[in-house]
Amino acid sequence: LFKDGSLVDQFMGALPESEICAFLERHLPRESDGLLEQARNLLDTGNPDAAAGLIDQARTEDPENARIRILEAGIKAAAGDTAGAQDILDGLPRELDDDPELAALRGRLRFADIVAGAAAEPELVSRLDAKPADSEARYQLAAYGVIRGDYEYALGQLLELMKRDRNYEEDAGRKGMLMVFELLGGEGDLVSRYRSLMLNALY
C-alpha cells in the first residue's frame, strides 16, 4: 500500500476479504486523525499535557479510533511510565500489530527497559574504554543514545556490536539496528547509510 508516493504498509499472499478490509481501514482518513497528528507533534516537541487534551477531544469525536491508544501509550512512555505504556500496547487490537507507529513505540520501550537495568552512562563509557569487547556495555550505551535521541550514536554502537559479537543476546546488534530504523520511520539519510553499512557487514 502506497500513500503520497511512499510505502506505508504491506502483506504477503492471499488474505480473506475481511482481513483486506481491516488492512485498508488502518490507513483510511478519519475525522479524528487531524487532532491526533497535532497531538503527536505536541508530544514530539515536549508538550505532553497539550497533547493529552487533544487526545481527549479526539476520543470524544471518534471513540472507535484505536490509534488514540497508541498516542496515550506514547504519552506514558514520555513520562517514564513504561509499564503503563506497555499495558496499553498489550491491549491493542491485533489489526494494529503491523502499524509503523506502534512498532516504533515498542522499540522505544525496549530501549527504555535496557537503560532501566543499566549502570550510569559514564560508567559504561569507562568499561568500554577499558575493554572494547564488553558487549553489554556497548549495547546499553546504544540504548542511552536512543533514549536521548542521538540515533547516529546508537546505530554506530549497534553496528560495532554486530561486527564484534553476533552471539550477544541472539544478534542484539543487528536486531537493535532494525528497531532504530523503525523508530526513524524506515527512511531518511541516516537509515539509508546505516542500512547499507549493516548489509555490507553481514555479507
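## The second largest pocket

The second largest pocket is lined by Q10, F11, L15, E19, A22, F23, R26, R94, E95, D97 and D98. The space within this pocket comes to about 290 Å³. Its lining has four nonpolar residues, one polar residue and six charged residues. In this classification, Ala, Val, Leu, Ile, Met, Phe, Trp, Tyr, Cys and Pro are nonpolar, Asp, Glu, Lys and Arg are charged, and the others, Gly among them, are polar.

The structure is a predicted model, in which local features need pLDDT of at least 70 and side-chain atom pairs count only at pLDDT 80 or more, while totals for chains, interfaces and linings use all residues. Residues are numbered from 1 along each chain as its sequence is written, and side-chain values use heavy atoms, with hydrogens and water left out.

## How pockets are defined

Rolling a probe the size of a water molecule over the atoms shows where empty space is left. The search uses a 1 Å grid over the protein atoms alone: a cavity is a set of points where a 1.4 Å probe fits but cannot get out, whereas a pocket is an open set with protein on both sides within 12 Å along at least five of seven lines. Lining residues have an atom within 4 Å of a point. Grid points are joined across faces, edges and corners, and a volume is the space filled by probe spheres set on the points.

## Overall architecture

The protein has eleven helices and two strands. Here helices (H or I, at least four residues) and strands (E, at least two) are DSSP runs, numbered from the N terminus. Read from the N terminus, the order of elements is β-β-α-α-α-α-α-α-α-α-α-α-α. Along the principal axes, the C-alpha atoms fill a box of roughly 55 × 40 × 30 Å.

Of the 203 residues in the protein, 39% are buried; buried means under 20% relative accessible area, exposed over 50%, and partly exposed in between (1.4 Å probe, protein chains only). The accessible surface comes to about 11500 Å², and 50% of this surface belongs to carbon and sulfur atoms. Among contacts (heavy atoms within 4.5 Å) with a separation of 6 or more, 50% join residues 24 or more positions apart.

## The largest pocket

How much space lies in the largest pocket? The volume is about 1900 Å³. The lining consists of 48 residues, and P100, E101, A104, E182 and G185 lie nearest the centre. By class, the lining divides into 23 nonpolar, ten polar and 15 charged residues.

Several elements supply at least two lining residues each: β2 (6-7), α2 (33-44), α4 (67-78), α6 (100-116), α8 (135-147) and α10 (172-183). Helix α6 gives the most, with eight residues.

## Two aromatic pairs

The whole structure holds two aromatic pairs. Rings of Phe, Tyr and Trp (its six-membered ring) pair if their centres lie within 6.5 Å; planes under 30 degrees apart count as stacked, over 60 as edge-to-face and the rest as tilted. F11 and F23 form an edge-to-face pair, with 4.9 Å from centre to centre and 85 degrees between the planes. This pair links distant parts of the chain: F11 lies in the loop between β2 and α1 (17-25), and F23 lies in helix α1, twelve residues apart. F11 is partly exposed, at 37% relative accessibility, whereas F23 is buried, at 7%.

The rings of Y139 and Y168 have centres 5.7 Å apart and planes at 75 degrees, so this pair is edge-to-face. Y139 belongs to helix α8 and Y168 to the loop between α9 (151-164) and α10, so that 29 residues separate distant parts of the chain linked by the pair. Y139 is buried, with a relative accessible area of 5%, and Y168 is buried as well, with 16%.

## Further residues of note

Q140 is found in helix α8. Is Q140 buried or exposed? With a relative accessible area of 9%, Q140 is buried. Apart from neighbours within four places in sequence, Q140 is in contact with I114, G117, A118, A119, L124 and R127.

E170 lies in the loop between α9 and α10. Phi of E170 is near 55 degrees, a positive value in a residue other than glycine. D171 lies in the loop between α9 and α10 and has a positive phi of about 70 degrees, although D171 is not a glycine. E170 counts as exposed, at 64% relative accessibility, whereas D171 is buried, with a relative accessible area of 8%.

How values were computed:
Accessible areas come from the Shrake-Rupley method with a 1.4 Å probe; for residues, only the protein chains shown count as cover.
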